[in-house]
Amino acid sequence: MIIISRTFGWVQNPNRLETLKYITGIFKRSSYSNTDLITKRLPLLLHYNFIMRADYNIFIEELSKNEIEIGYDILKGKGKNGAKTRKNVICSGIIQAAIDGHSSSKMVYDEFGILKKIRKPYVDDWTADGYLRWAISTGLIEYIAGSDTCKITPLGEALVNTSAGSQAEKEAFTKALLSYPPVCRVLDILSDHQLKTKFEIGSQLGFKGEMGFTSIPQHVFVYDYCSAGSAIKKSEIRSNEEGDSDKYARTIANWLFQMGWVVSGEKIVSETYFGETNTMPLAAWRITRAGELALKKSLGNSSNARISKIVKFEMLATKVPNADYIRLRRARILKSLNSDKTISSIKKCLYGLGIEEDEEVIRDELENFKNIGINISVNGDKYKLTDNIAGLEIPITYEAVTKGDITDLKDKIRRKLHNINHDYLILVDLAYSNADTKAKKNLDAKEFEIKTAKLFTEELGFKGDRLGDSNKPDVIISYDKYGTIIDNKSYKDGFSLDANCRGEMSRYIEENQQRIPGVPSNEWWKNFDLQVTHFTFMFVTSFLKGNFKSNLEYISTMRGINGAGISVDNLLYLAEDIKSGKTSHEEFFNLFKNNEIIITV
């Protein structure tokens with residue numbers, strides 16, 4: 001048996017229903033797309049040397065079988081496949097060959113030997129994989145884990161057999177899309193008939209309080225876009241500044257638009273940030289009557305059974321640390337809800353399966369299921385799964401997965417947060433971020449700063465903002481005459497406050513103390529209220545280690561103000577104390593003693 005980890009369930013970019021149908025047809029002998037690949041697209045790639053002869057022969061052989069079942073890697077391709085740059089990568093997967101590139105072009109010689117530019121007749125393996133995962137997540141293609149292969153399902157065959165634009169095609173797409181829980185969640189979010197942007201949808205979509213389901217606050221995006229100097233910078237922000245859940249929202253909304261379940265338009269939004277109000281149009285969507293009927297259809301009625309929802313095991317967590325354990329926990333909770341159960345009885349079920357969890361964890365997970373589009377009824381203190389779930393199989397290799405340190409830390413904190421929204425548990429993931437590329441690290445760092453600022457300002461009543469970017473502190477906060485400069489540091493192995501970080505904070509303090517016009521050019525210190533006269537500084541991180549105390553004292557001695565370091569767990573405990581009234585805002589500023597702030601819980 002082949003044991004390979006695949007990622008199913010969350011789809012960010014593929015959006016053309018026509019292409020989804022085409023790819024599904026690949027698996028049906030003599031269908032339009034199957035024939036088109038064999039007779040036109042693959043020969044064209046071979047003619048222009050965009051594919052290796054060996055791969056071409058394999059693809060033709062696979063597509064010519066009576067019963068088509070193809071290996072996953074043969075379908076999606078092999079990445080760079082030995083090429084030095086992505087620009088020079090040739091086609092190495094069947095689904096790559098099925099889709100034209102969007103904007104890339106290729107130089108080729110025509111039959112007269114003249115060099116000409118043509119649209120790239122294949123896509124990269126990442127795009128191909130996205131479409132394949134979309135087909136699997138909507139029940140059009142079946143993935144066989146034991147052999148790591150894919151084949152068409154009865155629903156997929158039904159779709160392929162329909163005529164374009166026919167009622168039968170629409171019905172097949174309806175069943176496929178409504179079997180995907182996030183589609184139902186987006187329809188539910190839009191069911192109030194309000195025009196909503198991707199940020200407004202994304203903030204309510206996905207597993208809250210964990211990596212993989214971030215959403216950029218709309219006011220941050222509007223400020224960044226409107227304050228960007230050049231058209232190029234504005235274009236980059238519009239294209240790239242979005243969280244994972246915002247991407248899911250945008251993608252799903254495009255599917256719904258093609259089905260006629262939503263209408264799209266522009267929403268004029270006015271957002272205030274840094275005391276500045278900006279107004280701009282954003283793409284947005286509103287549900288239609290057809291969308292209302294689709295949502296009702298997904299729920300079923302006396303005449304029509306509910307459409308089963310496909311929930312892949314891998315869908316139950318994505319980028320969060322210790323994802324395997326969290327998937328297992330969530331899968332076990334879902335499987336326990338085949339009858340009415342209290343949270344206490346769910347806890348007992350889990351314990352019997354070797355999973356020991358607090359009731360607060362289970363309560364959060366039940367709310368999380370709603371946020372991804374799974375319906376659970378509540379009758380008094382009893383919960384029951386009202387959806388029919390398909391495709392949820394726990395891989396045997398996951399049965400013995402145990403809880404990791406970061407998940408354990410989050411659950412420990414969760415037990416103590418009675419007044420602070422548990423969405424802020426994502427601060428733990430962000431503080432311990434293990435992003436593997438510079439782009440991902442920058443995105444995680446920005447989200448860490450945004451969430452920290454939001455915790456202080458929206459939950460705890462401080463004034464302040466996330467400043468971020470170059471030559472500015474990450475966050476500033478104030479209350480009455482007291483203000484604090486905050487630097488966020490994501491270090492999965494702990495933070496010791498090195499000389500570079502010490503120097504950077506010293507510079508911020510000096511700039512704020514001197515307040516020389518034009519120094520720095522952004523004059524970030526103007527964001528403090530004029531009444532603030534007593535300042536402190538703070539580092540927020542995963543955990544503190546090494547000689548951080550001596551470096552805090554060094555900064556304090558040099559600049560004449562007190563500072564502190566605080567781990568993310570103590571930050572959340574402190575927030576709980578402030579929100580509950582146990583610690584006042586004034587008492588908060590008395591905690592800065594050039595050492596670590598530790599909260600007794």
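Trainee: In β12, which residue is the bridge partner of V378?

Mentor: V378 has Y383 as its bridge partner in β12, where strands are DSSP runs of E with at least two residues, helices are runs of H or I with at least four residues, and both are numbered from the N terminus. This is a predicted model, in which local features need pLDDT of at least 70, side-chain atom pairs count only at pLDDT 80 or more, and totals for chains, interfaces and linings use all residues. Residues are numbered from 1 along each chain as its sequence is written, and side-chain values use heavy atoms, with hydrogens and water left out.

Trainee: Over how many bridges do β11 and β12 pair, and in which sense?

Mentor: Two strands are said to pair if DSSP finds at least two bridges between them; β11 and β12 pair over four bridges in the antiparallel sense. Their hairpin has two residues between the strands, and within this hairpin G380 takes a positive phi near 70°.

Trainee: In what order do the three strands of the open sheet stand?

Mentor: The order is β10-β12-β11, with antiparallel pairing. β10 (341-342) and β11 (376-379) are the edge strands, each with a single partner, so one side of each lacks a neighbour in the sheet. The pairing of β10 with β12 (residues 382-385) is antiparallel over two bridges, and K341 stands opposite Y383 in β12.

Trainee: Which residues of β12 lie on its covered face, and which on its uncovered one?

Mentor: In a regular strand the side chains alternate between the two faces of the sheet. In β12 the covered face carries Y383 and L385, while the uncovered face carries K382 and K384.

Trainee: How many of the eight residues of strand β17 are buried?

Mentor: Buried means under 20% relative accessible area, exposed means over 50%, and partly exposed lies in between, using a 1.4 Å probe and protein chains only. In β17 (residues 534-541) seven of the eight residues are buried, so the strand is largely enclosed by the rest of the structure. β17 pairs with strand β16 (residues 482-489) in the parallel sense over eight bridges, and F535 in β17 is the bridge partner of G483.

Trainee: At what angle do helices α9 and α13 pack?

Mentor: Two packed helices are described by the angle between their axes and the distance between the axes. Axes here are lines fitted to C-alpha atoms, for helices over the stretch in contact, and angles run from 0 to 180 degrees between N-to-C directions. Helix α9 (residues 181-189) packs against helix α13 (residues 244-259) at about 80°, with the axes 10 Å apart. That makes the two helices, α9 and α13, roughly perpendicular, given that 65 to 115 degrees counts as roughly perpendicular, under 35 as roughly parallel, over 145 as roughly antiparallel and the rest as oblique.

Trainee: Which residues of α9 and α13 meet?

Mentor: P182, V183, V186 and L187 of α9 meet I252, W255 and L256 of α13, contact being heavy atoms within 4.5 Å. These contact residues divide into seven nonpolar, no polar and no charged, where Ala, Val, Leu, Ile, Met, Phe, Trp, Tyr, Cys and Pro count as nonpolar, Asp, Glu, Lys and Arg as charged, and the others, Gly among them, as polar. α9 is mostly covered, with eight of its nine residues buried.

Trainee: How many disulfides does the structure hold?

Mentor: A disulfide is a covalent bond between the sulfur atoms of two cysteines. The structure holds zero disulfides, the criterion being a pair of cysteine sulfur atoms within 2.5 Å.
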